Amino acid sequence: MSQTELLYLPEPDKAYEKEFTARVIEASKNHVTLDRTLFYPTGGGQPHDVGTLETDETIRITSVRNQKGAPRHEVDGTPPSQGATVTGRIDWDRRHALMRMHTAQHILSAIAYETFGATTKGNQIHTDYSRVDFDVDTFTEEQLETLQAEANTVIDDDIHIEGYEEDRDKLKERIDVERTLLHLIPDHIKRLRVVEIPDVDICPCAGTHVKRTGEIGELTIQRTRSKGKGRTRIVYDLQTP
Ligand SMILES: [Zn+2]
């Protein structure tokens with residue numbers, strides 16, 4: 001169990017908070033661990049947040065990584081000492097871009113599975129473009145057009161997204177295990193964080209997502225690339241809505 005309270009969960013509203021106060025529970029030469037944080041640590045294809053921590057002076061957080069279940073904030077400068085109270089601020093423009101990209105990935109993965117039976121094998125989110133890898137040899141032009149058009153229909157429909165916790169066993173009974181890669185989540189995790197885009201997708205995920213699909217912006221599939229037999233990569237970008 002994490003010793004740090006993750007303030008960006010549960011969604012949807014919590015993922016929109018930008019500032020918080022916390023106490024330093026551990027500090028070394030170049031990193032701090034906090035009792036609570038809004039900084040998302042790299043994981044699940046979503047990159048970490050950046051931002052600042054303020055005490056008497058303001059220092060930059062350049063990277064955040066999970067270390068034994070607790071986000072470790074890499075600092076650029078002298079870290080605040082153990083026990084200090086800090087005000088943290090995340091770089092919201094970066095985070096919001098990642099939230100839009102990440103939510104778009106759920107939509108692409110859901111439609112590709114539903115329409116073509118293509119299972120997602122990996123993904124990497126960036127602020128300006130992102131990619132999803134599927135377990136197929138190729139997609140035809142027509143399939144790509146369908147995928148892009150259906151994703152944009154979901155985006156245009158401005159669907160309200162839900163985030164909640166659910167027992168693994170209960171979730172397993174009502175979702176598609178292939179689509180969600182539930183079997184890849186370690187067995188000992190019995191309680192899962194679920195992201196649901198009603199009528200589109202239900203997926204366990206601990207990343208950050210937007211509240212409404214309309215916030216994502218128009219999606220364009222830029223290109224595809226073969227990553228060997230049975231693996232095709234789709235690269236996409238988004239317009240600012
Ligand atoms: Zn997600």
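The model is predicted, so local features need pLDDT of at least 70 and side-chain atom pairs count only at pLDDT 80 or more, while totals for chains, interfaces and linings use all residues. Residues are numbered from 1 along each chain as its sequence is written, and side-chain values use heavy atoms, with hydrogens and water left out.

Let's start with the metal. Which residues hold the zinc ion? The protein donors are His102 (NE2), His106 (NE2), Cys205 (SG) and His209 (NE2), at 2.0 to 2.2 Å; donors here are N, O and S atoms within 2.8 Å of the metal (3.2 Å for Na, K and Ca). Along the chain, their spacing reads H-x3-H-x98-C-x3-H. Histidine 106 sits in helix H1 (residues 92-116) and cysteine 205 in the loop between strands E13 (201-204) and E14 (219-226), so this pair ties together parts 99 residues apart in sequence. Helices (H or I, at least four residues) and strands (E, at least two) are DSSP runs, numbered from the N terminus.

Buried or exposed, what is histidine 106? Its relative accessibility is 2%, so it counts as buried; buried means under 20% relative accessible area, exposed over 50%, partly exposed in between (1.4 Å probe, protein chains only). Cysteine 205 is buried too, at 16%.
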